[in-house]
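The sequence and structure come first.

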Amino acid sequence: MRIIFLGPPGAGKGTQAQFICQDRKIPQISTGDMLRSAITEGTKLGLEAKKIMERGDLVSDDVILGLVRERLRQPDCEPGCLFDGFPRTVGQADGLNEANIAVDVVFELQLSDELIVRRISGRRVHEPSGRIYHIEFNPPKVDSLDDVTWQPLVQRHDDSEAVVRARVEVYREQTAPLIDYYKNSSVKYFEIDGDATVEEIRTSIREGLVSTEA
Ligand code: ADP
Ligand code: ADP
């Protein structure tokens, strides 16, 4: 099964992706995480992507499609995968179709602009593992430290309020057209209230997956 999580920054895609990938034993394909790894490794792609990401703009479709196609050739993707934050443009969705990579189900996580900013400004991450916290909504056991390794948590460079507002605008303009794109396709589509609790959202997604398989 191939699953897409669609939704604005802060909607909870990464948080939910971690549960569902564990449940289903499928890899999480987060293009944001892949780009951040390239930046950490200091590759040419990373250097180019860094400036774009710091502005809140999108990396080009060609680069993203190249990364995703290469990732999908790995054997762990054979049983399926969960796309988290991809596709983000109609061009990227067309690219999947053209490569005959069929998607089974889309979950759209919806969140108001006001909540997006609160979610993003309080987000903290443990970079090596990708574990996600929130200073108010999902705090670590010890302030600013990862629950498992006790290593420090960090705030992403692009999680400042100014950049978040730019990212939301980019979402509305370039990514939101994918809502109708997938609603008008044969792919199963679920709208999820991103303002519910983490557990409620997890249950809705699990139910959606069961009904997709039926
Ligand atoms: P996305 O991947 O869509 O950008 P994240 O999963 O990183 O979103 O979540 C953004 C922030 O909101 C994180 O700090 C996370 O801990 C928090 N969060 C995620 N889901 C919820 C929820 N249902 N209720 C409250 N806070 C949440
Ligand atoms: P969030 O979880 O907050 O939605 P991501 O980690 O998915 O953010 O993405 C961070 C940044 O990486 C984006 O603002 C964008 O610059 C870049 N990026 C990630 N995925 C894509 C994609 N599919 N297409 C273009 N740019 C992307």
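## Ligand surroundings and a pocket

The shell around ligand 2 is made up of seven nonpolar, four polar and eight charged residues. The model is predicted. In total, 19 residues surround ligand 2, and the closest are Thr-31, Arg-36, Asp-57, Gln-92 and Arg-167. Helix H2, residues 31–41, gives the most to this shell, with four residues.

Ligand 1 is also surrounded by 19 residues, of which the closest are Gly-10, Lys-13, Thr-15, Arg-123 and Tyr-133. Its shell divides into nine nonpolar, seven polar and three charged residues. Helix H1 (13–24), strand S6 (131–134) and helix H9 (198–213) each supply at least two residues of the shell around ligand 1.

| Ligand atom | Protein atom | Distance |
|---|---|---|
| Ligand 2, nitrogen | Thr-31, polar side-chain atom | 2.8 Å |
| Ligand 2, nitrogen | Val-59, polar backbone atom | 3.1 Å |
| Ligand 2, nitrogen | Gly-85, backbone N or O atom | 3.2 Å |
| Ligand 1, oxygen | Gly-10, polar backbone atom | 2.8 Å |
| Ligand 1, oxygen | Arg-123, polar side-chain atom | 2.6 Å |
| Ligand 1, nitrogen | Ala-196, backbone N or O atom | 3.0 Å |

Taken alone, ligand 2 exposes 560 Å², and the protein buries 96% of that area. Ligand 1 on its own has 570 Å² of accessible area, of which the protein covers 92%.

The second largest pocket has a volume of about 250 Å³. Its lining consists of Arg-36, Ile-39, Thr-40, Lys-50, Met-53, Glu-54, Glu-127, Val-154, Gln-155, Arg-156, His-157 and Asp-158. By class, the lining residues are three nonpolar, three polar and six charged. H2 and helix H3 (44–55) each supply at least two of the lining residues.

Is Arg-69 buried or exposed, or in between? Arg-69 has a relative accessible area of 39%. Buried means under 20% and exposed means over 50%, so Arg-69 counts as partly exposed. Arg-69 and Arg-2 are 67 residues apart along the chain, and their C-alpha atoms are separated by 14 Å.

Conventions:
Residues are numbered from 1 along each chain as its sequence is written. Chains are lettered from A and ligands numbered from 1 in the order in which they are written. This is a predicted model: local features need pLDDT of at least 70, side-chain atom pairs count only at pLDDT 80 or more; totals for chains, interfaces and linings use all residues. Side-chain values use heavy atoms; hydrogens and water are left out. A residue is near a molecule or strand if one of its heavy atoms lies within 4 Å of it. A polar contact is a pair of N or O atoms within 3.5 Å; within protein, one must be able to donate a hydrogen and the other to accept it, and residues adjacent in sequence count only if both atoms are side-chain atoms. Accessible areas come from the Shrake-Rupley method with a 1.4 Å probe; for residues, only the protein chains shown count as cover. Ala, Val, Leu, Ile, Met, Phe, Trp, Tyr, Cys and Pro count as nonpolar, Asp, Glu, Lys and Arg as charged, and the others, Gly among them, as polar. Buried means under 20% relative accessible area, exposed over 50%, partly exposed in between (1.4 Å probe, protein chains only). On a 1 Å grid over the protein atoms alone, a cavity is a set of points where a 1.4 Å probe fits but cannot get out, and a pocket is an open set with protein on both sides within 12 Å along at least five of seven lines; lining residues have an atom within 4 Å of a point. Grid points are joined across faces, edges and corners, and a volume is the space filled by probe spheres set on the points.
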